[in-house]
Amino acid sequence: MLGSTMQLRPLIIHFLLAALTVAAVLPTLGHGVLLWDEGELAWYAQAILDGRAPASDYVLNSFGPGRYLAVAGVWAVAGPSLHAIDLLLLLLRVLISAAAWQLASRLVGPRWAILPVACLLLAPGPLPGSFFVLGTLLLALLLLRALEAPSDRSSLAFGITLAVVALFRFDLALVGVAAWLISAGRHPRAQQLAGLGPFLLCLLFTAIGLSTQGPGALSAGLAQIVEHGTTFRPFSAPGLP
């Protein structure tokens, strides 16, 4: 009986966190659109659904295609709607609360883990920044696990997370690569490769995908990504209207 109660406790905590997050974030939705946040998500998602070619019909940035593909996928099922973007961002906030609680529980203990979650709910910042916040928390959590209990499995879990984060925030993934190279230097070679292998495969498949978009698409796309990542300013090429 005690064992089943202990197993249910994390589920109850996460359910309560999800309910608290929805109650805090839901009233903030639907009060206008930020052009360079929700507007950007909407424009790129529509470009994908229209079948436009990346790097030629529209400019790539250093954020990665994951956020736009996610919105395009939701729109393909539910139809284009800003409300669909709001619901996606709400889901990300629920995941952020869960990840923040998990990370804080390992760092300061379950008793105080609610404090970081409360801070994120009281001062959430722009909701489209949820991709960056969630990626940061997941990388920190999985890196901590891989360092506390080094194994092929924990290293691979970090590597897969790093690859997924790269699809949504490539600039953040580069920070994760640097953290892994610094922190896992004493790990066995197999574990070091497990932590980086999925990310390298992600880069390879992305390059292959760009190269299929036409002559010069790969070089143009890489130049656009580097320009945005190093200057973080508007492009001298077609981007948002």
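**Exercise 1. Determine how α4 passes α5, and which residues make the contact.**

*Solution.* Step 1: the handedness. α4 crosses α5 in a right-handed manner; a crossing is right-handed if the near helix is turned clockwise from the far one by less than a right angle, and left-handed if anticlockwise. Helices here are DSSP runs (H or I, at least four residues; strands are E runs of at least two), numbered from the N terminus.

Step 2: the geometry. The axes of α4 and helix α5 (residues 114-122) cross at roughly 150 degrees and come within 8 Å. Axes are lines fitted to C-alpha atoms, for helices over the stretch in contact, and angles run from 0 to 180 degrees between N-to-C directions.

Step 3: the orientation. α4 and α5 are therefore roughly antiparallel to each other (angles over 145 degrees count as roughly antiparallel, under 35 as roughly parallel, 65 to 115 as roughly perpendicular and the rest as oblique).

Step 4: the contact. R93, I96, S97, A100, W101 and A104 of α4 make the contact with I114, P116, V117, L120 and L121 of α5. Contact means heavy atoms within 4.5 Å.

The model is predicted: local features need pLDDT of at least 70, side-chain atom pairs count only at pLDDT 80 or more, and totals for chains, interfaces and linings use all residues. Residues are numbered from 1 along each chain as its sequence is written, and side-chain values use heavy atoms, with hydrogens and water left out.

**Exercise 2. Describe the packing of α4 and α6.**

*Solution.* Step 1: α4 and α6 pack with their axes 9 Å apart, at an angle of about 30 degrees. α4 is therefore roughly parallel to α6.

Step 2: the crossing of this pair, α4 and α6, is left-handed.

Step 3: the α4 side of the contact includes L88, L92, A100 and R106, and the α6 side includes L134, L137, L144 and E148.

**Exercise 3. Locate A100 and state whether A100 is buried or exposed.**

*Solution.* Step 1: A100 belongs to helix α4.

Step 2: the relative accessibility of A100 is 4%, and A100 counts as buried. Buried means under 20% relative accessible area, exposed over 50%, and partly exposed in between (1.4 Å probe, protein chains only).

Step 3: leaving aside residues up to four places away in sequence, A100 touches V117, L120 and L137. A100 and L134 lie 8.5 Å apart in space, C-alpha to C-alpha, and 34 residues apart in sequence.

**Exercise 4. State how many salt bridges the structure holds, and describe them.**

*Solution.* Step 1: the structure holds three salt bridges. A salt bridge is a side-chain nitrogen of Lys or Arg within 4 Å of a carboxyl oxygen of Asp or Glu.

Step 2: E148 and R106 form a salt bridge, with the closest N and O atoms 2.3 Å apart. E148 lies in helix α6 (residues 130-148) and R106 in helix α4, so the pair ties together parts that are 42 residues apart in sequence. E148 is partly exposed at 47% relative accessible area, and R106 is partly exposed at 36%.

Step 3: D50 and R52 are joined through their side chains (3.9 Å, N to O). D50 is partly exposed at 45%, as R52 is at 36%.

Step 4: D171 and R169 are joined likewise (2.7 Å, N to O). D171 is partly exposed at 27%, whereas R169 is buried at 13%.

**Exercise 5. Characterise the crossing of α7 and α9.**

*Solution.* Step 1: the axes of helix α7 (residues 152-168) and helix α9 (residues 189-211) come within 7 Å and cross at roughly 20 degrees. α7 is therefore roughly parallel to α9.

Step 2: α7 passes α9 in a right-handed crossing. Among the residues that meet are F158, G159 and L162 in α7, and A194, G195 and F199 in α9.

**Exercise 6. Identify which residues of the largest nonpolar core touch the most other members.**

*Solution.* Step 1: a nonpolar core is a set of buried Ala, Val, Leu, Ile, Met, Phe, Trp, Tyr and Cys residues joined through side-chain atoms within 4.5 Å.

Step 2: in the largest such core, of 57 residues, V71, W75, I85, F158, L162 and W180 touch the most other members. Helix α4 (residues 82-108) contributes the largest share of this core, twelve residues.

Step 3: not counting residues up to four places away in sequence, V71 touches L41, A45, I85 and L88.
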